[in-house]
Amino acid sequence: MVETQDQRKHLAQSKSIGRCIVSFIFVFLTQLVLSLVPRFFSASSFLTQLALSVLLLLLFMGFGGWCRRRLLQVHASAPAFVFFNILFIWGFYVSVIRQAVPLLNDAVFSCEVVFLVIGLYSILTSDPGIVTNGSASSDQPLNSSVSQVDNHDEELELPCHESTEGSGLGTRVRYCRSCKAYIKGLDHHCPAFGNCIGQNNHLLFLILLFGFISTEASYLVCASLFAAKSGILDRPSMERTLSENLAVSTILFTILQLVWQVVFVIWHIYCVCVNIRTDEWINWKKYPEFLLVVQPQPGQRFANVRFRNPYDKGILQNVEEFLALRA
């Protein structure tokens, strides 16, 4: 039994190392592919290059994922992919960009990178609010085990209720298929961070998102200073070195990251304001407490099922207004 457990542990470690190596190679190839845009389309406008970067990134990610799964039959690690992207940008900054950056900007960006690495590790190892049979008494008893959920391939939901701990968000227990566990205040399972986002680590998740936005904004400032001092944007693409093309492509990559992350942060701030989780927003028809049955009017055969937020603190009291916003 001891040997079997050791073998399983060794196999799991080998798989983790292999997935990290695949992620590192994938990050490196992604950045090289993006450098083709400023290399061959330098005469195009910046918005055109940005659009081409999106298209090229989607094509490469899709084709690369298909090759990994179908041909090589290997899997990458999403948290490792995020980490190696941070490491690549930071390494490129130190070796190329840093020489043209003032000391203050350099110190700010370096501190932000360190914060991201620490934050990524913290959220990866954090407890999102896992509820066990022994710790569920203050919330709701778990009448069905996780194995029963897996065997019947059904998602068993626990009754929702308002928290008595004074939290503005309240406490709701949901089941996560990825973690195979019940999570208090489950918002979503985040593949990029390799963990569920729940009641216990939701604040850390938001802080980390703001950290990414701040770090990427700092890198844009530093890379723009480098581009202005070196004059790479004024030279033909054939006269640029690989590092100079990478400087432009990393700017494009960072802008793309900023666009979706800002939208993502706005969405989560909105969810906090109206006291709803992402999982509840998407799967509200599965949760009885979010259903508002409107009796049929004369001439109608069936009742209408509409959305209501039982945890709303008065921000959107009118159901019709809420439905209009959602539409």
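This report looks at a network of salt bridges and at a pair of packed helices.

What you see is a predicted model, where local features need pLDDT of at least 70, side-chain atom pairs count only at pLDDT 80 or more, and totals for chains, interfaces and linings use all residues. Residues are numbered from 1 along each chain as its sequence is written, and side-chain values use heavy atoms, with hydrogens and water left out.

**Salt bridges**

Let's start with the charged side chains. A salt bridge here is a side-chain nitrogen of Lys or Arg within 4 Å of a carboxyl oxygen of Asp or Glu. The structure has four of them, including these:

| Pair | N to O distance |
|---|---|
| Arg 172 and Glu 280 | 2.8 Å |
| Arg 174 and Glu 280 | 2.9 Å |
| Arg 174 and Glu 289 | 3.0 Å |

Salt bridges that share partners join Arg 172, Arg 174, Glu 280 and Glu 289 into one network.

Now for where these residues sit. Helices (H or I, at least four residues) and strands (E, at least two) are DSSP runs, numbered from the N terminus. Arg 172 is in the loop between helix H6 (146–152) and strand E2 (173–176), while Glu 280 belongs to helix H9 (residues 278–282), 108 residues apart. Arg 174 lies in strand E2 and Glu 280 in helix H9, so their bridge ties together parts that are 106 residues apart in sequence.

Arg 172 is buried. Glu 280 is buried too, at 0%, and Arg 174 counts as buried at 1%. Glu 289 also counts as buried, at 19% relative accessibility.

**Two packed helices**

Over to helix H5 (residues 103–125) and helix H7 (residues 202–230): they pack at an angle of about 150°, with axes 9 Å apart. Axes are lines fitted to C-alpha atoms, for helices over the stretch in contact, and angles run from 0 to 180 degrees between N-to-C directions. Angles under 35 degrees count as roughly parallel, over 145 as roughly antiparallel, 65 to 115 as roughly perpendicular and the rest as oblique. H5 and H7 are therefore roughly antiparallel to each other.

Which residues make the contact (heavy atoms within 4.5 Å)? Among them are Val 108, Phe 109 and Leu 116 of H5, and Leu 204, Phe 205 and Ile 207 of H7.

Definitions and conventions
Buried < 20%, exposed > 50% of the residue type's maximum accessible area, 1.4 Å probe, protein only. Contact = heavy atoms within 4.5 Å.
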